[in-house]
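Welcome! Please take a moment to look over the chain below, and then we will walk through a few of its features together.

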Amino acid sequence: LDFDNINITPNTGYLDAEITIYVSVNSSAEPFSLYTELECIPSDCDGWVEPFEVNAFTEIALDVVVDDDGTQRLDATIGELTVDYALTGDDVYLEDCPLGTVLDVFAFIGLDIVDLILPAIGDALNDAVGDFAPELETTLEDAFSAATIDQELEVQDSTLRLAVRPGDVVIQPAGLRLTMAGLAEAAEVSDCIAEWDSGEFEAISSSSPSIGQPAEGIDPDHAANLMLSDEFGNQLMYALWQSGLLCYTVDEDLGFPIDTSLLGLLAGEAFNPLFPEARPMVIQTRPQQAPKLEFAAANDIGLVVDDLGLDFMAELDHRNARVLAIGLEVDGGLDVGFDDTTGQLAIAFDLDAGSFNPSVTSNDFVPESTDTIEESFASVFSGLVGGLLGDALSDITFTVPGLEGIGITGMQVESAGPEGDWLGAYMWLGEVSYASTGCSDGEGEGGGCGGGEDGGCTDAAGAGCEGGGCTAGPRSQRRWGLLLFPLFVALLRRRED
């Protein structure tokens, strides 16, 4: 038995599944032996059955259930499978029959050789198909369990808890949507931001994109879609802010010693009377607001930071004093790219001098230099940020593997939803040459599948505060089409003929 193809079509409340299997019995190299006896004359033949197509049909029901311990998980139920196939004498081969043309003899007495072969094939086929249903149920449930996340991440000196779990599943003729419920929270609030933290994230819910309707400019023939609500994205930003993500003291302990000569780059010679010789200086951040994500931005993902205070501290008159304070607004971004030859996903930072909008909030010592400081700050600070963060601002890359030769062949990121406050990563699926998972040899040759001829995927992930994420999946993908659901929250879409 060779499982070749699985076509998944959304219906009302369930999925229609059509599974294509190729069945063969022995081969010319290893034939079976067929013993017959006609008119007391025995005949012993070698034979085999060439691969023939078998179609199995079933329904798949998906539901989110709650276990006794309160854990939410996806439950899959496979309905009864019906089998349809046509085996003819053209598929059956017999050799070395001493009786002569056995098929002609059988035909003469009104007996079809297929009638002799079919019972043995039918029993084996029904057993295999019968085993397939519970195996597919287990595969689906195990695969979706990988989408359940409950982890603690170290951020600065604090801990961030990130939890994602199945929340709801909706199946319509237009598609299937799996919503993931997400939670991000700081274990404790950093002292650095405590005075500005209200202690409560102000969630702003919005309407999710309609099932089967891509963002403007997206080819409706796309196969899969990962979507993220700005509600969950900004809840994550808030939790990171609470954890002290933007709390820094830039000094030699951070590995980036600076001195008062930096003030000369900002204000020319204005600070020279205060610091005729360079003295050690530190910059202390005061992040008064949590950063925010914006999806209707010039970049794929806009990253906005308001009210980021910077205190420049140095020794003056034998005491540590704030010699300058600047309020900073940052308007940067992230761009997402996908290389379909390597399977590599890249996230690039867009952060340059034009991303910074400074305003001097305290300059008691040389107030006449305020305008000069504000004009020169962006270029000076962008160089400082580049030196401070270094490789942290370089592209973030990781590889998205295929599954048995099927994977992502293209990706386009756009804002989505009626208000543009969802981020959609629209994907096209097909046969790929880059490395795949799910192969017995583990080497990934030929797409990871000994040639990469078969495979299949859709996708899953992403969520948002019970308002979650959604994606789209193909109407028909080759072999094990559901196994990549956990990588992206999946929405199976019916394509136009």
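Is Phe 201 buried, partly exposed or exposed? With a relative accessible area of 23%, Phe 201 is partly exposed; buried means under 20% relative accessible area, exposed over 50%, and partly exposed in between, with a 1.4 Å probe and protein chains only.

## About the model

This is a predicted model, in which local features need pLDDT of at least 70 and side-chain atom pairs count only at pLDDT 80 or more, while totals for chains, interfaces and linings use all residues. Residues are numbered from 1 along each chain as its sequence is written, and side-chain values use heavy atoms, leaving out hydrogens and water.

## Aromatic pairs

Rings of Phe, Tyr and Trp (its six-membered ring) pair if their centres lie within 6.5 Å; planes under 30 degrees apart are stacked, over 60 edge-to-face, and the rest tilted. By this rule there are six aromatic pairs. One of them joins Phe 201 and Tyr 238, a tilted pair with 5.7 Å centre to centre and 40 degrees between the planes. The two are 37 residues apart: Phe 201 sits in the loop between strand E10 (175–186) and strand E11 (224–229), and Tyr 238 in helix H3. Helices (H or I, at least four residues) and strands (E, at least two) are DSSP runs, numbered from the N terminus. Tyr 238 is buried, at 11% relative accessible area. Together with Trp 241, Phe 201 and Tyr 238 form one aromatic cluster.

Phe 356 and Phe 381 make an edge-to-face pair, 5.3 Å centre to centre with 90 degrees between the planes. Phe 356 belongs to strand E19 (residues 356–362) and Phe 381 to helix H5 (residues 370–389), so this pair ties together parts 25 residues apart in sequence. Both Phe 356 and Phe 381 are buried.

## The end of helix H3

Gln 242 belongs to helix H3 (residues 230–242). Its relative accessibility is 9%, so Gln 242 counts as buried. Beyond its neighbours within four places in sequence, Gln 242 has contacts (heavy atoms within 4.5 Å) that include Ala 186, Glu 188 and Asp 197.

In soluble globular proteins, nonpolar side chains tend to be buried together. A nonpolar core here is a set of buried Ala, Val, Leu, Ile, Met, Phe, Trp, Tyr and Cys residues joined through side-chain atoms within 4.5 Å. The largest has 50 residues, among which Ile 19, Ile 60, Leu 62 and Val 169 touch the most other members. Strand E4 (residues 41–66) gives this core its largest share, eight residues. A second, separate core has 32 residues, including Ile 258 and Val 305.
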